[in-house]
Amino acid sequence: MTGDWQARFKEIFGIKWPKLLESLGQTVYMLGWALLIGAVIGLGLALLLVLCRKGGLRQNRAVHAVVNAYVNIVRSMPFIITLVFVFPLTRLIVGKTYGSTAMLVPLVIYISPYMARLIENSLLEVSPGVIEAALAMGATTWQIVLRFLLPEALPSIVLAMTTGTVGLLGATAMAGYVGGGGVGDLALTYGYQRYNFPLLILTVVILVIFVQLLQLLGSRISGRLRRNK
Amino acid sequence: MIEIDHAVKTFDDGRREVHALRDVSLRVEKGDIYGIVGFSGAGKSTLLRLVNGLEKPDSGTVRVAGQDISALGSRELLRLRRRIGMVFQQFNLLERKTVRHNVALPLLLAGTPRQEAERRVKDVLRFVELEDKENAYVSQLSGGQKQRVGIARALATSPEILLCDEATSALDPQTTESILLLLRRVNREMGVTILLITHQMQVIQMICNKVAVMEHGKIVEEGSVLDVFGMPRQEVTRRFVRTVINDRIPEKFVSVVRDERRNQQVELLKFIGDSVKEPLIAELCRMQGLEVNILGANIQQLQDTVMSVFILQLIGGDEAISQAEERIDGAGALRERMVLEA
């Protein structure tokens with residue numbers, strides 16, 4: 001009776017606690033790194049889009065056309081396709097095509113153009129008057145980006161990245177299916193394939209909580225930035 | 001200080017061509033407060049932006065402080081821009097930053113040493129009377145205060161030229177006046193040459209010594225403010241001058257002139273400065289066979305002098321009227337015969 005109870009305590013909906021925690025850890029790992037790398041690349045692409053666009057500070061049709069096309073093409077591919085499509089690249093970079101680290105490659109490739117579009121929109125919201133004032137002060141392009149464009153767009157960029165992160169969370173679940181681990185993997189292998197319906201529900205609840213927390217955090221930070229400083 | 005010769009600028013937005021500047025030439029001397037007035041779309045703002053290279057002319061030359069702008073490399077252009085301050089209608093400040101941050105920005109960009117920059121920020125903030133708002137956020141300030149921050153920012157790098165793009169157009173009349181007085185102090189106490197564009201003739205009247213009137217991408221009239229206000233030649237100039245100095249017969253008096261059956265002549269008189277001291281009107285009233293009606297009078301301060309406008313109805317024989325006209329011309333007044341529009 002007590003043993004039964006202890007066994008029950010060690011497990012939740014048919015899986016052991018360490019397994020659940022491991023899955024959570026893998027999700028956070030994939031989410032965190034893909035977000036960090038993806039946001040940096042996305043920011044770079046967004047700056048290229050904004051600076052090189054028609055009427056931009058460094059108007060350059062060729063660069064804009066190439067970046068724009070790249071962003072559109074990658075964005076139009078479903079993640080599950082991107083995932084298998086970039087297997088050769090993944091193997092080249094990481095050495096294998098399974099595991100959380102290997103999954104970072106498709107995740108970054110998937111999320112960075114998405115981030116680029118979102119951040120591009122944020123940057124375009126910055127008042128042209130402020131940019132003109134910066135130019136009139138004799139600011140270089142680099143100074144305008146660092147001192148005017150990014151600080152002015154920051155609250156909006158944080159919100160954009162929050163939206164991007166939620167999208168990324170969905171992608172990490174799919175990455176789990178091809179061996180990335182994480183909460184998504186848990187749901188599919190242990191929940192769906194073993195007909196463990198309660199576990200499936202648990203993973204959904206976990207993902208919902210994740211999204212809620214991310215959104216709350218993003219809105220908080222953005223709001224604080226917007227208020228002042 | 002600023003020499004623009006035969007500047008032409010056409011914008012092509014794909015659907016149609018917009019001729020912003022059609023052969024515009026302009027001379028601004030050191031120490032001037034030069035005003036360019038015109039309705040929106042006249043090309044003023046393009047003309048202003050030629051001076052700091054924010055716009056490049058399709059043809060023609062722009063020389064600032066002896067340097068041909070089109071010949072400057074990008075680094076030299078940046079350096080020149082630091083010698084030219086610019087103030088905007090919508091202030092264009094970083095709203096979420098402090099006043100100090102905003103004013104210090106141009107110094108930061110120019111690589112001014114920190115201590116020197118801090119001192120300079122304090123100095124210019126004192127000059128614009130905002131020293132107590134140093135740590136306030138721009139978003140907390142009123143429109144007038146924001147424009148003072150804008151002016152302080154423009155002055156931070158000690159420029160020789162200040163460009164004002166409709167600097168008072170977003171402000172109420174009282175605030176406008178205080179900002180204009182501040183600009184005059186910038187000109188007089190700091191020796192900064194000011195080129196401003198506006199659609200408000202009061203701005204020109206209050207602080208400018210020279211004025212150019214723009215219409216459809218051309219300067220149609222220019223000169224000293226006294227000359228242009230006293231003798232506007234173009235219709236558009238008359239319309240602008242009329243917004244501050246009324247030279248029309250008041251509506252209610254039109255019938256007085258129309259219903260007069262005796263021989264009469266309506267005269268528009270303008271006096272500038274000292275000539276107003278002579279008791280001309282009193283003399284006219286004493287003339288034999290002449291009756292004088294004052295239909296309108298308007299006295300305005302223009303820079304350091306006064307301009308008075310009178311509309312007189314002279315009634316009497318042709319001879320008496322021409323004698324009166326001689327007397328008026330002798331007194332140094334600008335005189336025009338007015339004809340009632342049918």
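Predicted model: local features only at pLDDT ≥ 70, side-chain atom pairs only at ≥ 80, totals over all residues.
A:Ala62 is exposed, because 8 other C-beta atoms lie within 10 Å, and the cut-off for exposed is 12 or fewer. From A:Ala62 to A:Ser122 is 60 residues along the chain, and their C-alpha atoms are separated by 23 Å.

Staying in chain A, there is a helix pair to look at. Helix H2, residues 17-52, packs with helix H9, residues 183-192, both of chain A. The angle is about 135°, and the axes are 7 Å apart. H2(A) and H9(A) are therefore oblique to each other. On the H2(A) side the residues are A:Ser23, A:Leu24 and A:Thr27. On the H9(A) side they meet A:Val183, A:Asp185 and A:Leu186. By class, that contact of H2(A) with H9(A) has three nonpolar, two polar and one charged residues.

Next, the contact between the chains. How many residues of chain A are in contact with chain B? There are 16 residues of chain A, in contact with 16 residues of chain B. On the chain A side, the elements giving two or more residues are helix H7, 128-136, and helix H8, 141-180. H7(A) gives the largest share, six residues. By class, the side of chain A that touches chain B has six nonpolar, six polar and four charged residues.

Now chain B itself. Chain B has 12 helices and 14 strands. Along the principal axes, the C-alpha atoms of chain B fill a box of roughly 80 × 45 × 35 Å. Of the 342 residues of chain B, 39% count as buried. If you take the contacts in chain B with a separation of 6 or more, 70% of them are between residues 24 or more positions apart.

Chain B is divided into domain 1, residues 2-242, and domain 2, residues 251-338. The centres of domain 1 and domain 2 of chain B, taken over C-alpha atoms, are separated by 40 Å. Seven residues from domain 1 of chain B and eight residues from domain 2 of chain B make up the contact. On the domain 1 side, the largest share is four residues, from helix H8 of chain B, residues 225-230. By class, that side of domain 1 of chain B has four nonpolar, three polar and no charged residues.

On to the core. As a general point, nonpolar side chains in soluble globular proteins tend to be buried together. Here the largest nonpolar core has 152 residues. Which of them touch the most other members? They are A:Leu107, B:Ala152, B:Ile194 and B:Leu195. Domain 1 and domain 2 of chain B both give residues to this core, so it lies between them. Taking B:Ala152 as an example, and not counting residues up to four places away in sequence, B:Ala152 touches B:Val103, B:Val124, B:Leu125, B:Val128 and B:Leu130.

One of those, B:Val103, brings us to helix H3 of chain B. Nine of the 11 residues of H3(B), residues 99-109, are buried, so this helix is largely enclosed by the rest of the structure. The buried residues include B:His101 and B:Asn102, as well as B:Val103, B:Ala104 and B:Leu105. What covers them? The cover includes H8 of chain A, along with helix H4, 114-127, and helix H5, 143-155, of chain B. Just after H3(B), B:Gly111 takes a positive phi of about 75°.

That leads to the last topic, backbone angles. Most residues other than glycine have a negative phi. B:Asn92 is not a glycine, and has a positive phi of about 55°. B:Asn92 is in the loop between strand S6, 84-88, and H3 of chain B. Is B:Asn92 buried or exposed? B:Asn92 is buried, because 24 other C-beta atoms lie within 10 Å, and the cut-off is 20 or more.

B:His216 is not a glycine either, and has a positive phi of about 45°. B:His216 is found in the loop between strand S9, 210-215, and strand S10, 218-224, of chain B. With 14 other C-beta atoms within 10 Å, B:His216 is partly exposed. That is the end of my part.

Definitions and conventions. Residues numbered from 1 in each chain as written. Chains lettered and ligands numbered in written order. Axes fitted to C-alpha atoms, helices over the stretch in contact; angles between N-to-C directions. Parallel < 35°, antiparallel > 145°, perpendicular 65-115°, else oblique. Contact = placed C-beta atoms within 7 Å. Nonpolar A, V, L, I, M, F, W, Y, C, P; charged D, E, K, R; others polar. Core = buried A, V, L, I, M, F, W, Y, C linked by C-beta atoms within 7 Å. Domains from an automatic or database assignment.
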